[in-house]
Amino acid sequence: SAPADHSLRELVARINAGESFSNLLVQVHVRGMARWWELSGTPMLGAKGEYLGFRGVGSDVTEQRKSSEKIAYLARYDTLTGLPNRRSFRNDLEVLATERNWVMLLLDLDRFKQVNDTFGHSIGDRLLVMVAQRLLDQCGRSEKVFRLGGDELGILSSRDNDDALALADKIVSALSKPFDIEGDMISIGCSVGIA
């Protein structure tokens, strides 16, 4: 990746120039596995000022980096559906606020509470995953689908108003078709608002 390549180039440049470096994060491959090392080093000189090499320390910070990446992911994505969450939605809205041609669709699933009450939350969760997939199937490259929370979803689109209305109709139709979950045919609906 570009950041890893950059840090590796920086490490080589510092060593070649005989300069100290501190807490430099470098990606390396050990037995075919990507690892992250944090390195610090200082050039060592002999009694007559001759260059002897580098002395330093290194730590394998792969697990800490994975944990940080997972925390960053969890802050932006819904763990159940894998869709970007409300926080991502707000961030994208802030970016879009300066642009002219975009549309926001807000969706609320009809009868979802009844599904949870009748079949239980585990079936409700599976239904949400299936709903997310149907939404992704209906949307194209000009859309981004979000789970805002509970049974609320959002879509940001670069379509014009007429195309957004057609998309809303497709979504309502797609989500009105029964969902087969463990042999039970579950029917819900969807309300869509467009701005």
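This is a predicted model: local features need pLDDT of at least 70, side-chain atom pairs count only at pLDDT 80 or more; totals for chains, interfaces and linings use all residues.
**Exercise 1.** Work out which residues of helix 3 are buried, and where they sit around the helix axis.

*Solution.* Start with the list: in helix 3, which spans residues 86–96, the buried residues are Ser 88, Phe 89 and Leu 96. Now look down the axis: these buried residues fall within an arc of 100°, so they line one face of the helix. As for what covers the buried residues, the cover includes helix 2 (62–76), strand 4 (103–110), strand 5 (143–149) and strand 6 (152–157). Last, check the N-terminal end: Asn 85 caps helix 3 there, with a side-chain oxygen 3.1 Å from the backbone nitrogen of Arg 87.

**Exercise 2.** Classify two of the four aromatic pairs in the structure.

*Solution.* Take Phe 21 and Phe 54: their centres are 5.7 Å apart with 35° between the planes, and the pair is tilted. Phe 21 belongs to strand 1 (residues 21–30) and Phe 54 to strand 3 (residues 51–60), so the pair ties together parts 33 residues apart in sequence. Next, Tyr 73 and Tyr 77: ring centres 4.7 Å apart, planes at 10°. Stacked counts as under 30 degrees, so this pair is stacked. Tyr 73 is partly exposed at 36% relative accessibility, and Tyr 77 is partly exposed at 25%.

Definitions and conventions: Residues are numbered from 1 along each chain as its sequence is written. Side-chain values use heavy atoms; hydrogens and water are left out. Buried means under 20% relative accessible area, exposed over 50%, partly exposed in between (1.4 Å probe, protein chains only). Helices (H or I, at least four residues) and strands (E, at least two) are DSSP runs, numbered from the N terminus. The arc is that of the directions from the helix axis to the C-beta atoms. Contact means heavy atoms within 4.5 Å. A polar contact is a pair of N or O atoms within 3.5 Å; within protein, one must be able to donate a hydrogen and the other to accept it, and residues adjacent in sequence count only if both atoms are side-chain atoms. Rings of Phe, Tyr and Trp (its six-membered ring) pair if their centres lie within 6.5 Å; planes under 30 degrees apart count as stacked, over 60 as edge-to-face and the rest as tilted.
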